[in-house]
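Visitor: I have a protein model open on my screen and I would like to learn how to read it. Could you walk me through it, feature by feature?

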Amino acid sequence: MHTSITCTSLSFAWPDGTPVFDGLDASFGPGRTGLVGVNGSGKSTLLKLIAGDLTPADGAVRVAGEVGYLPQNVTLDTALRVDEALGIADLHAIEAGDVAEEHFETVGDDWDVEERTLAILGELGLGHVELDRTIGEVSGGESVLLRLAALLLRRPDVLLLDEPTNNLDLYARRRLYAAVAAWPGVMVVVSHDRELLELVDQIADLRSGEITWYGGNFSAYEEALEIEQEAAERMVRVAEADLKKQKRELVEAHTKLAKRVRYGNKMYDNKREPRAVMKLRKRAAQVSAGKHRIMHEEKLAEARERLDEAVEAVREDDEIRVDLPHTAVPQGRAVLTLRDLELAYGARVEGGLDLHGPERIALVGRNGAGKTTLLRTIAGELQPVAGEATAHVPLRFLPQRLDVLDGELTVAENVARFAPGATNNRIRARLARFLFRGARADQRAATLSGGERFRATLAALMLAEPAPQLLMLDEPTNNLDMASVRQLTTALESYEGALIVASHDLPFLESIGITRWLLLEGALRETTPEAVGYPAWLPVRERVHPGS
(Lines give C-alpha, C1' and ligand atoms only; values in the text may rest on other atoms or scores of the structure.)
Protein backbone atom coordinates (compact mmCIF):
# COMPACT_ATOMS: atom_id res chain seq x y z
CA MET A 1 0.00 0.00 0.00
CA HIS A 2 1.30 3.43 -0.93
CA THR A 3 2.02 5.69 2.02
CA SER A 4 -0.68 8.35 2.15
CA ILE A 5 -2.87 10.60 4.29
CA THR A 6 -6.62 10.69 3.70
CA CYS A 7 -9.04 13.10 5.38
CA THR A 8 -12.71 12.23 4.83
CA SER A 9 -15.58 14.60 5.74
CA LEU A 10 -13.34 16.07 8.43
CA SER A 11 -15.01 18.48 10.85
CA PHE A 12 -13.49 20.30 13.80
CA ALA A 13 -14.44 23.28 15.98
CA TRP A 14 -12.81 24.92 18.98
CA PRO A 15 -14.43 24.55 22.44
CA ASP A 16 -16.10 27.97 22.08
CA GLY A 17 -17.87 26.70 18.95
CA THR A 18 -15.69 28.47 16.38
CA PRO A 19 -15.64 26.17 13.31
CA VAL A 20 -12.35 25.35 11.60
CA PHE A 21 -13.34 22.55 9.20
CA ASP A 22 -16.76 21.35 8.09
CA GLY A 23 -16.62 18.27 5.88
CA LEU A 24 -13.05 18.70 4.59
CA ASP A 25 -11.89 16.06 2.08
CA ALA A 26 -8.19 15.88 1.27
CA SER A 27 -5.53 13.35 0.35
CA PHE A 28 -1.74 13.69 0.55
CA GLY A 29 0.35 11.20 -1.42
CA PRO A 30 4.10 10.56 -1.82
CA GLY A 31 6.31 13.63 -2.22
CA ARG A 32 6.65 16.98 -0.48
CA THR A 33 3.53 19.13 -0.07
CA GLY A 34 3.65 22.76 1.03
CA LEU A 35 0.51 23.62 3.00
CA VAL A 36 -0.13 27.38 2.74
CA GLY A 37 -2.92 29.74 3.74
CA VAL A 38 -3.60 32.90 5.70
CA ASN A 39 -3.12 33.01 9.46
CA GLY A 40 -6.08 31.37 11.18
CA SER A 41 -7.08 29.23 8.17
CA GLY A 42 -6.37 26.01 10.12
CA LYS A 43 -2.99 24.81 8.79
CA SER A 44 -1.51 23.90 12.19
CA THR A 45 -4.86 22.46 13.30
CA LEU A 46 -4.92 20.15 10.27
CA LEU A 47 -1.41 18.88 11.06
CA LYS A 48 -2.43 18.22 14.67
CA LEU A 49 -5.50 16.29 13.48
CA ILE A 50 -3.34 14.17 11.15
CA ALA A 51 -0.78 13.58 13.93
CA GLY A 52 -3.52 12.56 16.37
CA ASP A 53 -2.90 15.43 18.79
CA LEU A 54 -6.48 16.63 18.18
CA THR A 55 -9.64 14.58 17.67
CA PRO A 56 -12.09 15.53 14.88
CA ALA A 57 -15.71 16.23 15.79
CA ASP A 58 -16.77 14.22 12.75
CA GLY A 59 -15.17 12.44 9.82
CA ALA A 60 -11.91 10.52 9.85
CA VAL A 61 -8.17 10.79 9.24
CA ARG A 62 -6.44 7.69 7.90
CA VAL A 63 -2.67 7.44 7.58
CA ALA A 64 -0.95 4.51 5.88
CA GLY A 65 2.37 4.33 7.72
CA GLU A 66 4.02 5.81 10.81
CA VAL A 67 3.75 9.56 11.41
CA GLY A 68 6.54 11.86 12.59
CA TYR A 69 5.41 15.34 13.70
CA LEU A 70 7.50 18.45 14.37
CA PRO A 71 5.20 21.04 16.00
CA GLN A 72 5.58 24.79 15.57
CA ASN A 73 6.67 25.40 19.14
CA VAL A 74 9.19 22.71 20.03
CA THR A 75 9.49 22.28 23.78
CA LEU A 76 11.96 19.77 25.17
CA ASP A 77 12.76 19.17 28.84
CA THR A 78 15.97 21.12 29.41
CA ALA A 79 17.14 18.46 31.90
CA LEU A 80 16.97 15.70 29.24
CA ARG A 81 20.26 14.37 27.94
CA VAL A 82 20.72 14.55 24.18
CA ASP A 83 20.78 10.74 23.87
CA GLU A 84 17.45 10.59 25.76
CA ALA A 85 15.90 13.19 23.45
CA LEU A 86 17.12 11.16 20.47
CA GLY A 87 15.78 7.91 21.93
CA ILE A 88 19.11 6.04 22.14
CA ALA A 89 19.64 6.19 25.90
CA ASP A 90 18.77 2.46 26.24
CA LEU A 91 21.62 1.47 23.93
CA HIS A 92 24.02 3.58 25.98
CA ALA A 93 22.75 1.93 29.15
CA ILE A 94 23.41 -1.57 27.69
CA GLU A 95 26.90 -0.50 26.57
CA ALA A 96 27.51 0.76 30.12
CA GLY A 97 26.68 -2.72 31.51
CA ASP A 98 23.01 -2.29 32.45
CA VAL A 99 21.36 -5.56 31.30
CA ALA A 100 17.79 -4.66 32.33
CA GLU A 101 15.29 -6.37 30.02
CA GLU A 102 13.44 -3.15 29.14
CA HIS A 103 16.60 -1.74 27.51
CA PHE A 104 16.85 -4.74 25.16
CA GLU A 105 13.13 -4.54 24.36
CA THR A 106 13.49 -0.88 23.39
CA VAL A 107 16.57 -1.41 21.22
CA GLY A 108 15.18 -4.57 19.53
CA ASP A 109 17.24 -5.35 16.43
CA ASP A 110 18.28 -1.72 15.87
CA TRP A 111 21.88 -2.15 17.03
CA ASP A 112 23.29 0.32 14.49
CA VAL A 113 21.13 3.14 15.85
CA GLU A 114 24.11 5.03 17.30
CA GLU A 115 25.96 5.00 13.97
CA ARG A 116 22.81 6.25 12.24
CA THR A 117 22.39 8.88 14.96
CA LEU A 118 25.89 10.25 14.44
CA ALA A 119 25.36 10.27 10.66
CA ILE A 120 22.07 12.20 10.95
CA LEU A 121 23.55 14.63 13.48
CA GLY A 122 26.40 15.25 11.04
CA GLU A 123 23.98 15.88 8.16
CA LEU A 124 22.06 18.39 10.30
CA GLY A 125 25.25 20.17 11.37
CA LEU A 126 25.03 18.83 14.94
CA GLY A 127 28.15 16.66 14.85
CA HIS A 128 29.69 18.80 17.60
CA VAL A 129 26.82 18.11 20.04
CA GLU A 130 27.91 15.50 22.60
CA LEU A 131 25.30 12.86 23.41
CA ASP A 132 25.71 13.19 27.19
CA ARG A 133 25.00 16.96 27.19
CA THR A 134 21.61 18.23 28.33
CA ILE A 135 19.07 20.02 26.14
CA GLY A 136 19.53 23.09 28.32
CA GLU A 137 23.12 23.35 27.08
CA VAL A 138 22.23 23.66 23.38
CA SER A 139 20.73 26.65 21.54
CA GLY A 140 17.07 26.97 20.59
CA GLY A 141 17.87 26.30 16.94
CA GLU A 142 19.90 23.21 17.84
CA SER A 143 17.03 21.86 19.96
CA VAL A 144 14.70 22.14 16.92
CA LEU A 145 17.20 20.21 14.79
CA LEU A 146 17.62 17.62 17.55
CA ARG A 147 13.86 17.06 17.56
CA LEU A 148 14.01 16.63 13.78
CA ALA A 149 16.95 14.21 14.15
CA ALA A 150 14.91 12.14 16.62
CA LEU A 151 12.09 11.94 14.06
CA LEU A 152 14.42 10.95 11.23
CA LEU A 153 15.93 8.20 13.39
CA ARG A 154 12.48 6.63 13.72
CA ARG A 155 12.29 6.44 9.91
CA PRO A 156 8.62 7.53 9.76
CA ASP A 157 6.66 7.08 6.55
CA VAL A 158 4.96 10.45 6.94
CA LEU A 159 6.70 13.62 8.15
CA LEU A 160 4.69 16.67 9.27
CA LEU A 161 6.62 19.92 9.76
CA ASP A 162 4.97 23.06 11.18
CA GLU A 163 7.00 26.25 10.56
CA PRO A 164 10.28 24.31 11.03
CA THR A 165 12.58 27.25 10.16
CA ASN A 166 11.22 29.59 12.84
CA ASN A 167 14.10 30.78 15.03
CA LEU A 168 16.68 28.88 12.96
CA ASP A 169 19.74 30.81 11.85
CA LEU A 170 20.92 30.70 8.22
CA TYR A 171 23.31 27.80 8.85
CA ALA A 172 20.62 25.67 10.51
CA ARG A 173 18.10 26.57 7.80
CA ARG A 174 20.38 25.29 5.07
CA ARG A 175 20.84 22.02 6.94
CA LEU A 176 17.07 21.69 7.22
CA TYR A 177 16.61 22.53 3.51
CA ALA A 178 19.01 19.70 2.63
CA ALA A 179 17.09 17.25 4.85
CA VAL A 180 13.78 18.27 3.26
CA ALA A 181 15.19 17.97 -0.28
CA ALA A 182 16.42 14.44 0.48
CA TRP A 183 13.18 13.23 2.12
CA PRO A 184 11.92 10.08 0.33
CA GLY A 185 8.42 9.64 1.82
CA VAL A 186 5.27 11.69 2.36
CA MET A 187 5.92 15.16 3.75
CA VAL A 188 3.49 17.98 4.58
CA VAL A 189 5.19 21.22 5.57
CA VAL A 190 3.51 24.40 6.81
CA SER A 191 5.82 27.36 6.29
CA HIS A 192 6.11 31.00 5.27
CA ASP A 193 9.78 30.41 4.34
CA ARG A 194 9.93 30.92 0.59
CA GLU A 195 13.25 29.09 0.15
CA LEU A 196 11.80 26.04 1.89
CA LEU A 197 8.61 26.16 -0.18
CA GLU A 198 10.70 26.20 -3.37
CA LEU A 199 11.69 22.60 -2.50
CA VAL A 200 8.18 21.11 -2.47
CA ASP A 201 6.51 19.13 -5.26
CA GLN A 202 3.05 20.63 -4.87
CA ILE A 203 1.20 23.35 -2.97
CA ALA A 204 -2.01 22.77 -1.02
CA ASP A 205 -3.76 26.13 -0.55
CA LEU A 206 -6.09 26.02 2.48
CA ARG A 207 -8.75 28.70 2.20
CA SER A 208 -12.23 28.95 3.74
CA GLY A 209 -12.06 25.35 4.97
CA GLU A 210 -11.22 23.87 1.56
CA ILE A 211 -7.96 22.87 -0.16
CA THR A 212 -7.04 23.83 -3.72
CA TRP A 213 -4.10 21.97 -5.27
CA TYR A 214 -1.32 23.41 -7.42
CA GLY A 215 1.45 21.37 -9.00
CA GLY A 216 5.06 22.50 -8.56
CA ASN A 217 6.86 24.66 -6.02
CA PHE A 218 5.91 28.05 -4.59
CA SER A 219 7.03 30.02 -7.66
CA ALA A 220 4.82 27.84 -9.88
CA TYR A 221 1.96 28.34 -7.41
CA GLU A 222 2.35 32.13 -7.53
CA GLU A 223 2.33 32.10 -11.34
CA ALA A 224 -0.81 29.92 -11.44
CA LEU A 225 -2.49 32.08 -8.80
CA GLU A 226 -1.69 35.26 -10.73
CA ILE A 227 -3.32 33.80 -13.87
CA GLU A 228 -6.34 32.73 -11.81
CA GLN A 229 -6.69 36.15 -10.25
CA GLU A 230 -6.41 37.95 -13.58
CA ALA A 231 -9.21 35.72 -14.92
CA ALA A 232 -11.27 36.30 -11.76
CA GLU A 233 -10.87 40.07 -12.06
CA ARG A 234 -11.92 39.89 -15.73
CA MET A 235 -15.02 37.96 -14.66
CA VAL A 236 -15.81 40.68 -12.11
CA ARG A 237 -15.59 43.33 -14.84
CA VAL A 238 -17.82 41.25 -17.16
CA ALA A 239 -20.32 40.63 -14.34
CA GLU A 240 -20.35 44.33 -13.42
CA ALA A 241 -21.03 45.28 -17.04
CA ASP A 242 -23.82 42.68 -17.25
CA LEU A 243 -25.37 44.01 -14.03
CA LYS A 244 -25.34 47.56 -15.43
CA LYS A 245 -26.95 46.27 -18.63
CA GLN A 246 -29.71 44.43 -16.73
CA LYS A 247 -30.39 47.51 -14.58
CA ARG A 248 -30.60 49.66 -17.73
CA GLU A 249 -32.92 47.18 -19.48
CA LEU A 250 -35.16 47.03 -16.39
CA VAL A 251 -35.46 50.83 -16.36
CA GLU A 252 -36.20 50.85 -20.12
CA ALA A 253 -38.83 48.12 -19.65
CA HIS A 254 -40.52 50.09 -16.86
CA THR A 255 -40.53 53.18 -19.10
CA LYS A 256 -42.11 51.29 -22.01
CA LEU A 257 -44.70 49.71 -19.76
CA ALA A 258 -45.56 53.06 -18.22
CA LYS A 259 -46.14 54.47 -21.74
CA ARG A 260 -48.41 51.55 -22.58
CA VAL A 261 -50.39 52.06 -19.37
CA ARG A 262 -50.79 55.77 -20.10
CA TYR A 263 -51.90 54.99 -23.66
CA GLY A 264 -54.38 52.36 -22.44
CA ASN A 265 -55.83 54.75 -19.86
CA LYS A 266 -56.16 57.45 -22.49
CA MET A 267 -57.96 55.09 -24.86
CA TYR A 268 -60.25 53.97 -22.02
CA ASP A 269 -61.02 57.56 -21.06
CA ASN A 270 -61.83 58.43 -24.68
CA LYS A 271 -63.95 55.23 -24.96
CA ARG A 272 -63.02 54.69 -28.60
CA GLU A 273 -63.76 50.96 -28.26
CA PRO A 274 -66.47 48.94 -26.47
CA ARG A 275 -66.06 48.90 -22.68
CA ALA A 276 -65.67 45.08 -22.49
CA VAL A 277 -62.90 45.13 -25.10
CA MET A 278 -61.12 47.95 -23.24
CA LYS A 279 -61.22 45.99 -19.98
CA LEU A 280 -59.79 42.89 -21.65
CA ARG A 281 -56.98 44.92 -23.21
CA LYS A 282 -56.22 46.61 -19.90
CA ARG A 283 -56.10 43.28 -18.07
CA ALA A 284 -53.90 41.74 -20.79
CA ALA A 285 -51.55 44.71 -20.63
CA GLN A 286 -51.26 44.37 -16.86
CA VAL A 287 -50.50 40.63 -17.15
CA SER A 288 -47.93 41.30 -19.89
CA ALA A 289 -46.38 44.11 -17.84
CA GLY A 290 -46.16 41.84 -14.80
CA LYS A 291 -44.45 39.05 -16.78
CA HIS A 292 -42.08 41.53 -18.39
CA ARG A 293 -41.15 43.05 -15.03
CA ILE A 294 -40.63 39.63 -13.41
CA MET A 295 -38.44 38.52 -16.33
CA HIS A 296 -36.17 41.57 -16.06
CA GLU A 297 -36.05 41.38 -12.26
CA GLU A 298 -35.00 37.71 -12.50
CA LYS A 299 -32.29 38.62 -15.00
CA LEU A 300 -31.13 41.39 -12.64
CA ALA A 301 -31.04 38.97 -9.69
CA GLU A 302 -29.05 36.47 -11.76
CA ALA A 303 -26.60 39.20 -12.78
CA ARG A 304 -26.15 40.18 -9.12
CA GLU A 305 -25.53 36.51 -8.21
CA ARG A 306 -22.91 36.16 -10.98
CA LEU A 307 -21.18 39.30 -9.73
CA ASP A 308 -21.17 38.01 -6.14
CA GLU A 309 -19.62 34.73 -7.32
CA ALA A 310 -17.01 36.58 -9.38
CA VAL A 311 -16.10 38.87 -6.47
CA GLU A 312 -15.82 35.83 -4.17
CA ALA A 313 -13.17 34.35 -6.48
CA VAL A 314 -10.98 37.47 -6.16
CA ARG A 315 -8.76 37.24 -3.10
CA GLU A 316 -8.51 40.12 -0.72
CA ASP A 317 -4.92 41.24 -0.57
CA ASP A 318 -5.27 44.57 1.16
CA GLU A 319 -2.11 46.55 1.66
CA ILE A 320 -1.09 48.36 4.82
CA ARG A 321 -0.64 52.04 4.03
CA VAL A 322 1.81 54.07 6.10
CA ASP A 323 2.13 57.74 5.24
CA LEU A 324 3.38 59.27 8.47
CA PRO A 325 5.42 62.37 7.58
CA HIS A 326 6.72 62.78 11.13
CA THR A 327 8.66 59.50 10.83
CA ALA A 328 10.91 60.91 8.08
CA VAL A 329 14.59 61.35 8.96
CA PRO A 330 16.71 63.84 6.92
CA GLN A 331 19.62 62.34 5.00
CA GLY A 332 22.77 62.29 7.13
CA ARG A 333 21.11 63.11 10.45
CA ALA A 334 22.56 61.18 13.41
CA VAL A 335 20.08 58.50 14.48
CA LEU A 336 22.04 56.08 16.70
CA THR A 337 25.51 55.96 18.25
CA LEU A 338 27.12 52.86 19.77
CA ARG A 339 30.44 53.27 21.60
CA ASP A 340 32.60 50.39 22.95
CA LEU A 341 29.43 48.50 23.79
CA GLU A 342 29.67 45.25 25.74
CA LEU A 343 26.39 43.37 26.08
CA ALA A 344 24.98 41.39 28.98
CA TYR A 345 25.73 37.98 27.45
CA GLY A 346 29.16 38.56 25.98
CA ALA A 347 28.67 40.10 22.53
CA ARG A 348 30.26 43.50 21.92
CA VAL A 349 30.57 46.44 19.55
CA GLU A 350 34.25 47.29 19.37
CA GLY A 351 35.09 50.94 18.83
CA GLY A 352 31.98 52.67 17.54
CA LEU A 353 29.07 52.38 15.16
CA ASP A 354 26.99 55.27 13.81
CA LEU A 355 23.62 55.13 12.08
CA HIS A 356 22.64 58.17 10.01
CA GLY A 357 19.56 59.28 8.12
CA PRO A 358 17.01 56.79 6.80
CA GLU A 359 19.47 53.89 6.69
CA ARG A 360 18.11 50.34 6.67
CA ILE A 361 20.27 47.87 8.55
CA ALA A 362 20.01 44.07 8.48
CA LEU A 363 21.31 42.51 11.70
CA VAL A 364 22.29 38.89 11.06
CA GLY A 365 24.13 36.15 12.97
CA ARG A 366 23.85 32.70 14.45
CA ASN A 367 21.25 31.77 17.06
CA GLY A 368 22.49 32.91 20.46
CA ALA A 369 24.92 35.47 18.98
CA GLY A 370 23.19 38.30 20.88
CA LYS A 371 21.05 40.06 18.24
CA THR A 372 17.99 40.31 20.49
CA THR A 373 20.19 41.41 23.39
CA LEU A 374 21.67 44.20 21.25
CA LEU A 375 18.23 45.44 20.20
CA ARG A 376 16.91 45.32 23.76
CA THR A 377 19.98 47.25 24.93
CA ILE A 378 19.45 49.95 22.29
CA ALA A 379 15.77 50.11 23.30
CA GLY A 380 16.79 50.67 26.95
CA GLU A 381 15.31 47.39 28.20
CA LEU A 382 18.73 46.02 29.19
CA GLN A 383 21.73 47.82 30.65
CA PRO A 384 25.06 47.27 28.88
CA VAL A 385 27.98 45.79 30.81
CA ALA A 386 30.14 48.59 29.44
CA GLY A 387 29.98 51.35 26.83
CA GLU A 388 26.93 53.24 25.71
CA ALA A 389 24.08 53.14 23.21
CA THR A 390 22.56 56.55 22.43
CA ALA A 391 19.48 57.09 20.25
CA HIS A 392 19.18 60.63 18.89
CA VAL A 393 15.59 60.25 17.64
CA PRO A 394 12.37 58.65 19.00
CA LEU A 395 12.56 54.86 18.63
CA ARG A 396 10.26 51.86 18.97
CA PHE A 397 11.11 48.17 19.31
CA LEU A 398 8.95 45.31 18.00
CA PRO A 399 10.01 42.17 19.93
CA GLN A 400 9.71 38.56 18.72
CA ARG A 401 7.17 37.78 21.44
CA LEU A 402 4.72 40.53 20.35
CA ASP A 403 4.04 41.19 24.05
CA VAL A 404 3.54 44.92 23.53
CA LEU A 405 -0.27 44.72 23.56
CA ASP A 406 -2.59 44.38 26.56
CA GLY A 407 -4.78 41.37 25.73
CA GLU A 408 -7.75 42.71 27.69
CA LEU A 409 -7.89 45.98 25.73
CA THR A 410 -9.25 46.47 22.21
CA VAL A 411 -7.00 47.27 19.27
CA ALA A 412 -8.08 50.94 19.40
CA GLU A 413 -7.52 51.13 23.17
CA ASN A 414 -4.02 49.65 22.78
CA VAL A 415 -3.09 52.26 20.18
CA ALA A 416 -4.51 54.98 22.45
CA ARG A 417 -2.03 53.91 25.16
CA PHE A 418 0.84 54.82 22.81
CA ALA A 419 -0.82 58.01 21.50
CA PRO A 420 -2.69 59.49 24.49
CA GLY A 421 -3.07 62.87 22.79
CA ALA A 422 -4.85 61.50 19.72
CA THR A 423 -8.64 61.66 19.42
CA ASN A 424 -10.69 58.47 18.99
CA ASN A 425 -11.60 59.47 15.42
CA ARG A 426 -7.96 60.07 14.53
CA ILE A 427 -6.92 56.69 15.98
CA ARG A 428 -9.65 54.85 14.04
CA ALA A 429 -8.80 56.65 10.81
CA ARG A 430 -5.17 55.62 11.18
CA LEU A 431 -6.06 52.05 12.21
CA ALA A 432 -8.02 51.68 8.97
CA ARG A 433 -4.69 52.03 7.16
CA PHE A 434 -3.54 48.92 9.06
CA LEU A 435 -6.71 47.07 7.92
CA PHE A 436 -8.57 47.45 11.25
CA ARG A 437 -11.75 49.05 9.94
CA GLY A 438 -15.00 49.58 11.85
CA ALA A 439 -15.75 46.80 14.34
CA ARG A 440 -12.33 45.20 13.78
CA ALA A 441 -10.77 48.05 15.77
CA ASP A 442 -12.97 46.99 18.73
CA GLN A 443 -11.63 43.41 18.88
CA ARG A 444 -9.85 42.49 22.11
CA ALA A 445 -6.14 41.92 21.49
CA ALA A 446 -6.37 38.47 23.14
CA THR A 447 -8.77 37.27 20.40
CA LEU A 448 -6.56 38.27 17.45
CA SER A 449 -4.92 35.72 15.15
CA GLY A 450 -1.13 35.73 14.81
CA GLY A 451 -1.16 37.93 11.71
CA GLU A 452 -3.75 40.31 13.18
CA ARG A 453 -1.78 40.59 16.43
CA PHE A 454 1.33 41.47 14.45
CA ARG A 455 -0.52 44.18 12.48
CA ALA A 456 -2.02 45.59 15.68
CA THR A 457 1.38 45.69 17.37
CA LEU A 458 2.97 47.34 14.33
CA ALA A 459 0.13 49.88 14.27
CA ALA A 460 0.55 50.68 17.98
CA LEU A 461 4.29 51.33 17.52
CA MET A 462 4.13 53.26 14.25
CA LEU A 463 1.16 55.41 15.34
CA ALA A 464 2.82 56.20 18.68
CA GLU A 465 3.49 59.78 19.72
CA PRO A 466 6.12 60.99 19.19
CA ALA A 467 6.33 59.21 15.83
CA PRO A 468 9.22 56.70 15.74
CA GLN A 469 12.09 57.76 13.51
CA LEU A 470 14.01 54.58 14.34
CA LEU A 471 12.09 51.30 14.14
CA MET A 472 13.70 48.06 15.34
CA LEU A 473 12.16 44.68 14.44
CA ASP A 474 13.24 41.31 15.87
CA GLU A 475 12.45 38.34 13.58
CA PRO A 476 9.28 40.06 12.30
CA THR A 477 8.29 37.37 9.79
CA ASN A 478 8.14 34.49 12.30
CA ASN A 479 4.64 32.93 12.25
CA LEU A 480 3.38 35.32 9.53
CA ASP A 481 1.64 33.91 6.48
CA MET A 482 2.82 35.00 3.03
CA ALA A 483 0.05 37.61 2.69
CA SER A 484 1.05 39.18 6.04
CA VAL A 485 4.72 39.22 4.99
CA ARG A 486 3.72 41.09 1.81
CA GLN A 487 1.68 43.54 3.91
CA LEU A 488 4.65 44.11 6.21
CA THR A 489 6.95 44.64 3.22
CA THR A 490 4.53 47.23 1.80
CA ALA A 491 4.33 49.03 5.14
CA LEU A 492 8.12 49.19 5.48
CA GLU A 493 8.50 50.40 1.89
CA SER A 494 6.47 53.51 2.77
CA TYR A 495 8.08 54.03 6.21
CA GLU A 496 10.50 56.98 5.96
CA GLY A 497 12.47 56.53 9.17
CA ALA A 498 15.60 54.50 9.95
CA LEU A 499 15.25 50.75 10.30
CA ILE A 500 17.12 47.92 12.05
CA VAL A 501 15.83 44.41 11.33
CA ALA A 502 17.18 41.22 12.94
CA SER A 503 16.16 38.32 10.73
CA HIS A 504 17.24 35.02 9.19
CA ASP A 505 14.74 35.50 6.34
CA LEU A 506 16.99 36.56 3.43
CA PRO A 507 14.24 37.00 0.80
CA PHE A 508 12.38 39.32 3.19
CA LEU A 509 15.52 41.34 3.99
CA GLU A 510 16.30 41.71 0.29
CA SER A 511 12.73 42.91 -0.37
CA ILE A 512 12.81 45.87 2.05
CA GLY A 513 15.77 47.76 0.60
CA ILE A 514 18.51 47.02 3.14
CA THR A 515 21.41 49.51 2.80
CA ARG A 516 23.88 47.99 5.33
CA TRP A 517 24.44 44.45 6.56
CA LEU A 518 25.88 43.87 10.05
CA LEU A 519 27.03 40.46 11.28
CA LEU A 520 27.07 39.80 15.03
CA GLU A 521 29.47 36.94 15.78
CA GLY A 522 31.20 37.73 19.06
CA ALA A 523 31.76 41.28 17.80
CA LEU A 524 29.68 43.37 15.43
CA ARG A 525 31.13 43.97 11.97
CA GLU A 526 30.09 44.99 8.48
CA THR A 527 29.26 42.22 6.01
CA THR A 528 27.67 41.82 2.56
CA PRO A 529 24.57 40.06 1.22
CA GLU A 530 26.84 37.58 -0.55
CA ALA A 531 28.60 36.73 2.71
CA VAL A 532 25.21 36.38 4.39
CA GLY A 533 24.06 34.00 1.67
CA TYR A 534 27.15 31.94 2.44
CA PRO A 535 27.60 32.78 6.12
CA ALA A 536 31.12 34.01 6.80
CA TRP A 537 31.39 31.78 9.86
CA LEU A 538 30.67 28.63 7.81
CA PRO A 539 33.67 26.70 6.36
CA VAL A 540 33.42 26.14 2.60
CA ARG A 541 33.26 22.35 2.99
CA GLU A 542 30.15 22.69 5.17
CA ARG A 543 28.14 24.97 2.89
CA VAL A 544 24.91 23.20 2.10
CA HIS A 545 22.53 24.17 -0.70
CA PRO A 546 18.90 23.16 -1.04
CA GLY A 547 18.86 19.94 -3.01
CA SER A 548 22.55 19.17 -2.55
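This is a predicted model: local features need pLDDT of at least 70, side-chain atom pairs count only at pLDDT 80 or more; totals for chains, interfaces and linings use all residues.

Visitor: Is H7 enclosed or open to the outside?

Guide: Here is the general idea about directions. An α-helix has 3.6 residues a turn, so residues three or four places apart point the same way. Now the case here: ten of the twelve residues of H7 are buried, so the helix is largely enclosed by the rest of the structure. Among the buried ones are Leu170, Leu176 and Val180, and also the arginines Arg173, Arg174 and Arg175.

Visitor: What caps the N-terminal end of H7?

Guide: Asp169 does, with a side-chain oxygen 3.2 Å from the backbone nitrogen of Tyr171.

Visitor: Let me zoom out. How many helices and strands does the protein have?

Guide: There are 17 helices and 18 strands. Of the 548 residues in the protein, 47% are buried. Look at the contacts too: among those with a separation of 6 or more, 71% are between residues 24 or more positions apart.

Visitor: How do I read a sheet?

Guide: Strands of a sheet pair through backbone hydrogen bonds, either parallel or antiparallel. One example here is an open sheet of three strands, ordered S2-S1-S4, with antiparallel pairing.

Visitor: Which strands stand at the edges?

Guide: Strand S2 (19-28) and strand S4 (58-64) do; each has a single partner strand, so one side of each is left without a neighbour in the sheet. On average, neighbouring strands of this sheet are turned by 15 degrees against each other, direction ignored. For a landmark, find Ser11, which stands opposite Asp58 in S4.

Visitor: Is S12 mostly covered or uncovered?

Guide: Mostly covered, as five of its five residues are buried. Arg360, Ala362 and Val364 point one way from the strand, while Ile361 and Leu363 point the other way, and all are buried.

Visitor: Now for charged side chains. How many salt bridges does the structure hold?

Guide: The structure holds 15. To spot one, look for a side-chain nitrogen of Lys or Arg within 4 Å of a carboxyl oxygen of Asp or Glu. Start with Glu359 and Arg516, whose closest N and O atoms are 3.3 Å apart. This pair links distant parts of the chain, 157 residues apart: Glu359 is in the loop between strand S11 (348-356) and strand S12 (360-364), and Arg516 is in strand S17 (residues 516-521).

Visitor: Are Glu359 and Arg516 buried or exposed?

Guide: A residue counts as buried under 20% relative accessible area. Glu359 has 17%, so it is buried, and Arg516, with 16%, is buried as well.

Visitor: What about a salt bridge with an exposed residue?

Guide: Take Arg444 and Glu408, whose side chains meet in a salt bridge at 3.4 Å, N to O. Arg444 lies in the loop between helix H13 (424-432) and helix H14 (450-462), and Glu408 in the loop between strand S14 (395-398) and helix H12 (411-418), so the pair ties together parts that are 36 residues apart in sequence. Glu408 counts as exposed at 59% relative accessibility, while Arg444 is partly exposed at 34%.

Visitor: Which residues are linked in a network of salt bridges?

Guide: Arg194, Glu198 and Glu222 are linked that way.

Key
Residues are numbered from 1 along each chain as its sequence is written. Side-chain values use heavy atoms; hydrogens and water are left out. Two strands pair if DSSP finds at least two bridges between them. Helices (H or I, at least four residues) and strands (E, at least two) are DSSP runs, numbered from the N terminus. Axes are lines fitted to C-alpha atoms, for helices over the stretch in contact, and angles run from 0 to 180 degrees between N-to-C directions. Buried means under 20% relative accessible area, exposed over 50%, partly exposed in between (1.4 Å probe, protein chains only). A polar contact is a pair of N or O atoms within 3.5 Å; within protein, one must be able to donate a hydrogen and the other to accept it, and residues adjacent in sequence count only if both atoms are side-chain atoms. Contact means heavy atoms within 4.5 Å.
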